Amino acid sequence: MRYIDIEDLEPPLNWVERAESARNALRAEIQAAEGTATASGDDAATARRQAIREGLEVAARQALWQELAPRLRDLAKGKCWYSESRNPGSDKNVDHFRPKGRVKEDNAHEGYWWLAFDWRNFRYACQWCNQRRNDKVNNTSGGKGDHFPLARGSFRAYRETDDCDNEDFDLLDPTDPDDWKLLTFRPDGHATPAKPEGTREHTRAAVSIEIYHLHCKEFVDERRTIAGIVERAIDELERALTSGGGAPVGNVATADAQTIATNTHMRAFYKRHLKSLLRLIHSKSEYSAAALAYARAAIYKREADAEVKREWLADILGSNS
């Protein structure tokens, strides 16, 4: 997961007006169903739920959020916003971050139907992350579906007039500039919380890994491959920096003077692998958060029974991530 600035999205001409019209129509249908049920002595809550369900199934209304799929896709160069996988063999969905029709964790909730046409509630997600899947071979399951868990005791918005900002939700949100930093990755490809166990940040990351199915084998295998590519790029950069005169690994200035600046062949070699590393950690690259985690983990290495800091690598990452 990497930060997506959803404010960069530009809806098509008149889209906002058409979405508002659809929301107004759905609101009127819900109110009418509730009024009719009350007048006839039927259960108003049941009537409201049926009106919401049927209203959200109208093809023209569903087409509204699907219309934004290409624009959501382009914000992350075709990557799923949760897993960072491009997964060309998987369909991508416009996920409603707050579920539109029901909430798995709360049977009394009608769903955040009033946000069904709010583009700021849309996320671009692959099937593995968005649809409930059970991988019996690898013993994993996940998929966001209608899940939207909150912290114990948190306020939850039930009505259109409630303030959703008061909810303390568990799921990491790719449109939050800080949430993606709560995940990190092991060399074996598994996602893991970045903060210590017992903290709220750890809980949110752990819940998100399960619900977004970030531990499915496909993602794990591909991240493990990325770990190897990052390791090789860093090894080649270090080789270039220490190949002339054996300058200290941590001292990029000395190494630069002895090799990179005076040897055109080695300079080209260094730049080639530097570009490779920068591409891997760029926010628009596939699994870039994992690549960045692997690169950061390599800043310190064991050498002659001591931990040595690769200052040159810290400098690269500090300037480009």
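**Entry 1**

I looked up Phe-97 and found a relative accessible area of 1%, so Phe-97 counts as buried (under 20% is buried, over 50% exposed and in between partly exposed, with a 1.4 Å probe and protein chains only). Phe-148 is likewise buried, at 0%.

I note that the model is predicted: local features need pLDDT of at least 70, side-chain atom pairs count only at pLDDT 80 or more, and totals for chains, interfaces and linings use all residues. Residues are numbered from 1 along each chain as its sequence is written, and side-chain values use heavy atoms, with hydrogens and water left out.

**Entry 1: Aromatic pairs**

I found nine aromatic pairs in the structure. Rings of Phe, Tyr and Trp (its six-membered ring) pair if their centres lie within 6.5 Å; planes under 30 degrees apart are stacked, over 60 edge-to-face and the rest tilted.

I then examined Tyr-82 and Tyr-212: their ring centres are 4.0 Å apart and their planes stand at 15 degrees, so this pair is stacked. Tyr-82 is in the loop between α4 (69-75) and β1 (92-96), and Tyr-212 is in the loop between α6 (200-211) and α7 (217-242), 130 residues apart. Helices (H or I, at least four residues) and strands (E, at least two) are DSSP runs, numbered from the N terminus. Both tyrosines, Tyr-82 and Tyr-212, are buried.

I turned to Phe-97 and Phe-148, whose ring centres are 5.3 Å apart with planes at 85 degrees, so the pair is edge-to-face. Phe-97 lies in the loop between β1 and β2 (122-126) and Phe-148 in the loop between β4 (140-142) and β5 (183-185), so the pair ties together parts 51 residues apart in sequence. I recorded one aromatic cluster that includes Phe-97, Trp-113 and Phe-148.

I looked up the largest pocket, which is lined by 15 residues; Arg-98, Arg-120, Arg-123, Cys-164 and Asp-165 lie nearest its centre. On a 1 Å grid over the protein atoms alone, a pocket is an open set of points with protein on both sides within 12 Å along at least five of seven lines, whereas a cavity is a set where a 1.4 Å probe fits but cannot get out; lining residues have an atom within 4 Å of a point.

I noted that the largest cavity is lined by Arg-2, Ile-4, Ala-76, Lys-79, Cys-80, Trp-81, Glu-84 and Ser-283.
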